[in-house]
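Thanks for coming. I have a few local features to go through, and I will keep it brief.

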Amino acid sequence: MKNYIKADEWNIIEEGFDPHLNKISESIFSLGNGRMGQRANFEETYTGETLSGNYVAGVYYPDKTRVGWWKNGYPEYFAKVLNAANWVGIEVKLDDEVLDLATAEVSEFKRVLDMHAGVLERNFTAKLKDGKIVKVKATRFCSIADDEVGAIRYSITPIDFDGKLTLMPFIDGDVKNQDSNYDEKFWDLVADEFSGTEAYLKLRTKKTAFEVCTGSNIELYKNGEQLDVQLEEVRREKFVGQTVTLDIKANEEVTLIKIAANLSSENYPKESLLKETKGVIAKATAKGFDTLLSEQKAAWATKWEESDIIIEGDVSAQQAIRFNIFQLFQTYTGKDDRLNIGPKGFTGEKYGGSTYWDTEAYCVPFYLATAPQEVSKNLLVYRHKQLGKAIENAAKLGFKDGAALYPMVTMNGEECHNEWEITFEEIHRNGAIAFAIYNYIRYTGDESYLSDFGLEVLIGIARFWKQRVNWSSEKQQYVMLGVTGPNEYENNVNNNWYTNLLATWCMKYATEAAEIVKTQQPQKYANLLESVNFRDEEFTDWADIIEKMYYPEDQEKGIFLQQDGYLDKEQTLVKDLPASDRPINQKWSWDRILRSPFIKQADVLQGIYFFEEDYDLETIRRNFDFYEPRTVHESSLSPCVHSILAAKLNDEARAYEFYLRTARLDLDDYNNDTEDGLHITSMAGTWMSVVEGFAGMRVRNGKLQFNPFLPTQWKSFSFTIGFRGATLKIRIAENGITIKNNNDVELEINIKNQLYKLAGNTEIEVKNTELV
């Protein structure tokens with residue numbers, strides 16, 4: 001665990017430069033706007049250890065897989081978001097020496113990420129090898145007001161010398177992914193061009209033929225006065241730069257403004273991409289850096305009005321929750337239903353930037369409550385658009401008749417993950433997608449989604465489950481063989497409780513959804529069933545499986561069994577593991593892990609979290625108390641589920657303990673892996689831990705309900721949510737809960753099992769003494 005980030009409510013602050021922490025900081029201080037993003041690489045040259053990363057949403061490459069033993073059904077590639085052209089680069093040369101913090105003596109180094117404004121600022125003083133001392137201040141942002149634009153203001157001041165300053169702002173497309181197999185580079189040059197102070201680089205991906213045009217415009221100032229200079233053009237392989245040399249004197253400040261744009265052929269015709277990029281650059285340049293910055297601040301202010309969580313009395317916790325919210329909105333804005341959320345967002349290359357089930361299970365609840373309804377809806381439409389590919393994926397594995405298996409890992413709907421125990425067996429992902437549809441409708445009341453998109457997906461998923469189970473003559477029940485549950489430390493097991501539960505729930509919900517559409521939109525219903533060649537006896541088949549599914553359990557212990565045979569394992573607890581053995585995924589052989597009872601993340605408890613209303617408190621408690629002590633939490637997705645369930649059980653100590661594990665996971669580098677990128681999807685779980693955990697927020701029967709408690713470490717906490725046309729501000733303090741309605745919509749709200757009417761533009765305050 002690291003602890004070098006300074007506590008601050010609105011800022012992420014690093015003081016002092018430690019090159020051993022640089023890759024971690026590159027992740028933590030990353031910027032993005034939903035359309036593009038970048039790690040916090042230095043603008044100037046840095047020859048130390050670094051992971052350079054600039055990413056453009058939706059642009060990917062089918063990298064060749066490296067599999068020692070090929071199996072039928074394996075995908076031929078692993079899709080990954082590409083490291084795109086580096087637009088932030090500025091080479092700085094003082095007389096004949098290049099400024100490089102890997103070789104200079106660095107002092108007064110400070111890096112600040114202003115989360116309220118969405119701006120990264122870096123200040124430092126450097127003493128070069130020849131003794132010259134310079135001071136630098138760099139400010140940059142990726143605009144969420146105009147998500148194709150980024151801007152840099154880079155100021156350099158010589159402290160103790162006169163001399164020559166040479167600057168070369170550049171765009172470098174000769175890049176590769178750190179995780180590229182066979183060290184392959186993925187980009188080909190299409191065109192490069194200069195026009196006065198502007199430079200453009202147009203690249204095309206190999207195989208997928210995406211095109212991205214990156215452009216920039218340069219302005220130079222000395223002591224605040226704009227300079228009229230001639231820039232020398234520099235062309236290299238997939239590289240365009242512009243150099244200028246200035247005479248400088250001690251304490252004169254030279255400022256370079258670099259306004260850049262990234263445009264993709266996903267949004268523009270390829271033949272007009274360069275022209276469109278020039279137009280974006282012209283418009284952004286006309287506004288200027290200060291106006292672009294003002295628009296950025298205003299846009300972020302609106303985001304925070306919709307989503308902020310305010311914690312009184314704990315600066316570290318306040319900083320952490322805002323950091324999680326900030327990174328989620330940097331990653332996904334919901335403007336484009338072709339885009340989704342990679343586990344690392346725009347902050348690193350691990351997991352390839354692809355879509356996992358994390359989106360449906362963890363991210364959808366966050367966006368439902370903190371963003372306009374269209375944002376979460378677009379996450380669901382993304383999957384509907386890929387239904388055809390999901391049916392193809394299932395067909396590759398031998399399924400038929402329109403059965404749909406959504407991929408574990410994907411960019412375009414095709415499965416691109418090739419570990420057999422995941423690709424073929426971690427099929428619970430299908431259920432998470434169906435649950436997200438249910439969750440969206442439960443929260444928004446938008447049942448029209450079923451007739452427009454949802455029912456077709458639910459039918460495909462239900463058809464898959466029907467074919468995936470088989471009848472056990474011995475048990476006289478349906479069983480599910482050869483699966484991997486959420487606990488990936490168990491592979492190829494029979495009757496994973498969570499997976500069996502999801503399968504029957506999906507078939508039940510598909511049946512209910514069909515009845516809703518049939519009643520509300522009979523013609524749409526008839527047309528849909530005809531288009532998917534649906535037969536009424538399919539409902540009968542589903543009902544039979546729902547009635548006769550086998551669920552493993554231990555009646556003596558009163559628990560659901562994670563899978564058949566789980567209790568055959570030697571039941572060692574995590575507390576008995578030596579610290580030197582943790583994390584087991586780095587210290588143990590896979591054989592040893594598979595034979596152990598240790599659980600990577602919530603599995604049975606994931607199912608109880610999804611369907612908690614189906615279980616009484618004692619059932620939840622027995623399962624929680626059995627499984628949590630066996631859970632090593634070596635997935636970032638694990639602590640939040642445990643925090644929410646602990647809160648449900650009024651176990652405040654453990655609820656807060658698990659919250660802390662997820663809230664500062666990246667800021668403090670708990671798992672020693674932040675340098676690979678941030679854990680974006682688990683950040684949504686941090687929000688869930690506060691809102692669903694401490695505040696106890698649920699939606700039941702179309703109404704919001706709260707069952708709050710205040711962590712003893714806090715004086716109060718408050719948050720804003722949108723719900724069915726109302727914007728609510730909820731504050732939970734030692735004496736009770738206050739809910740303010742900022743819209744005209746009237747609601748009924750359940751607080752600790754008591755119903756309250758909340759009129760439009762009013763507030764209610766419920767004291768703890770009034771609650772049973």
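**A hairpin, a sheet and a threonine**

In the hairpin formed by S31 and S32, two residues sit between the strands, and Lys752 there has a positive phi near 50°. Keep in mind that this is a predicted model. Strand S31 covers residues 747-751, strand S32 covers residues 754-758, and the two run antiparallel, joined by five bridges.

Next, the three-stranded sheet. It is open, with the order S2-S3-S4 and antiparallel pairing. Which strands are at the edges? Strand S2, residues 31-32, and strand S4, residues 54-56, are the edge strands, because each of them pairs on one side only. Between S2 and strand S3, residues 36-38, there are two bridges, and these strands run antiparallel. Within that pairing, Gly32 is opposite Gly37 of S3.

Last, Thr631. Where is Thr631 placed? Thr631 belongs to the loop that connects helix H16, residues 617-627, with helix H17, residues 638-648. Is Thr631 buried or exposed? Its relative accessibility is 3%, so Thr631 counts as buried, the cut-off being under 20%. What does Thr631 touch? Leaving aside residues up to four places away in sequence, the contacts of Thr631 are Val574, Ile599, Lys600, Gln601, Ser638 and His642. There is also a polar pair: a polar atom of the Thr631 side chain lies 2.8 Å from the backbone oxygen of Tyr627.

How values were computed:
Residues numbered from 1 in each chain as written. Predicted model: local features only at pLDDT ≥ 70, side-chain atom pairs only at ≥ 80, totals over all residues. Heavy atoms only, no water. Helix = DSSP H or I, 4+ residues; strand = E, 2+ residues; numbered from the N terminus. Buried < 20%, exposed > 50% of the residue type's maximum accessible area, 1.4 Å probe, protein only. Polar contact = N/O pair within 3.5 Å; in protein donor to acceptor, adjacent residues only side chain to side chain. Contact = heavy atoms within 4.5 Å. Pairing = 2+ DSSP bridges.
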